[in-house]
Amino acid sequence: AIVLCFTFFVLQTMASVGLQAFLPSALNSGLDIALVIATSAVTAYLLGGTAGIVVGGVLAARTQRHDLVAAAGLLTAAALLAVVGYGAVPGAMTVPWFALVGFMVGTTGPSRDLIVRNATPRGAAGRVYGFVYSGLDVGAMIGPVWFGLMLDHGLGREMFYVVAVLLALAVGTMVRVRRAIAA
């Protein structure tokens, strides 16, 4: 369960850092979105994420199925990003679209943290949190290299598909954590 939590953080951080660092370039080069709109989309993504964390906290307090909250948020964000990659989001909808993507990712944060807490054996919180949350660093190290190479090779549009796949894979790890805890 602990390794799955670590893997979740690697995957989810790769996706999030990819969006935060390369969203304007990917929108501009891959979908011909003006830079002023593309950079505003990053701000909308971050603000949406903040609002999502607040709502996610309320959801986490009202449910025991934190895996379902995390899965719903990340799968919805993945689907929204796949639509972006397909090119079906009109330029005028880009900013609110990414606010929604950020909101959906943000809603998963509190549930994700409770999943890690529930997977942690008694008396091992410091070691487990140190290991699991180092997945943030690993993902933040790998993501920019990967997405930078994609953009260098003219794959701005495809970046959205890769981020969507990373989020979907992250969901798989969270669902498996619940099974591993129950076993």
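Q12 lies in helix α1, which spans residues 2–31; helices here are DSSP runs of H or I with at least four residues, numbered from the N terminus. The model is predicted, so local features need pLDDT of at least 70 and side-chain atom pairs count only at pLDDT 80 or more, while totals for chains, interfaces and linings use all residues. Residues are numbered from 1 along each chain as its sequence is written, and side-chain values use heavy atoms, with hydrogens and water left out.

Q12 counts as buried because its relative accessibility is 8%, where buried means under 20% relative accessible area (1.4 Å probe, protein chains only). Not counting residues up to four places away in sequence, Q12 touches V105, R112, L167 and A170; contact means heavy atoms within 4.5 Å.

Two pockets are described next. A pocket is an open set of points on a 1 Å grid over the protein atoms alone, where a 1.4 Å probe fits, with protein on both sides within 12 Å along at least five of seven lines; lining residues have an atom within 4 Å of a point. Grid points are joined across faces, edges and corners, and a volume is the space filled by probe spheres set on the points.

| Pocket | Volume |
|---|---|
| Largest pocket | about 320 Å³ |
| Second largest pocket | about 150 Å³ |

The largest pocket is lined by 17 residues, and Q12, S16, Q20, I53 and V105 are the closest to its centre. Helices α1, α2 (35–61) and α4 (94–119) each supply at least two residues of this lining, and α4 gives the most, with seven residues. By type, the lining of the largest pocket has six nonpolar, ten polar and one charged residue. Ala, Val, Leu, Ile, Met, Phe, Trp, Tyr, Cys and Pro count as nonpolar, Asp, Glu, Lys and Arg as charged, and the others, Gly among them, as polar.

Ten residues line the second largest pocket, and Q64, I115, N118, R178 and I181 lie nearest its centre. Its lining takes at least two residues from each of α3 (66–86), α4 and α6 (156–182), with the largest share, four residues, coming from α6. Four of the residues in this lining are nonpolar, three polar and three charged.

The largest nonpolar core has 55 residues, and L19, L27, L81, F98, V101 and F160 have the most contacts inside it. Such a core is a set of buried Ala, Val, Leu, Ile, Met, Phe, Trp, Tyr and Cys residues joined through side-chain atoms within 4.5 Å. The largest share of this core, 16 residues, comes from α1. Leaving aside neighbours within four places in sequence, V101 is in contact with L19, Y45, A77, L80 and L81.

Conventions. Buried means under 20% relative accessible area, exposed over 50%, partly exposed in between (1.4 Å probe, protein chains only).
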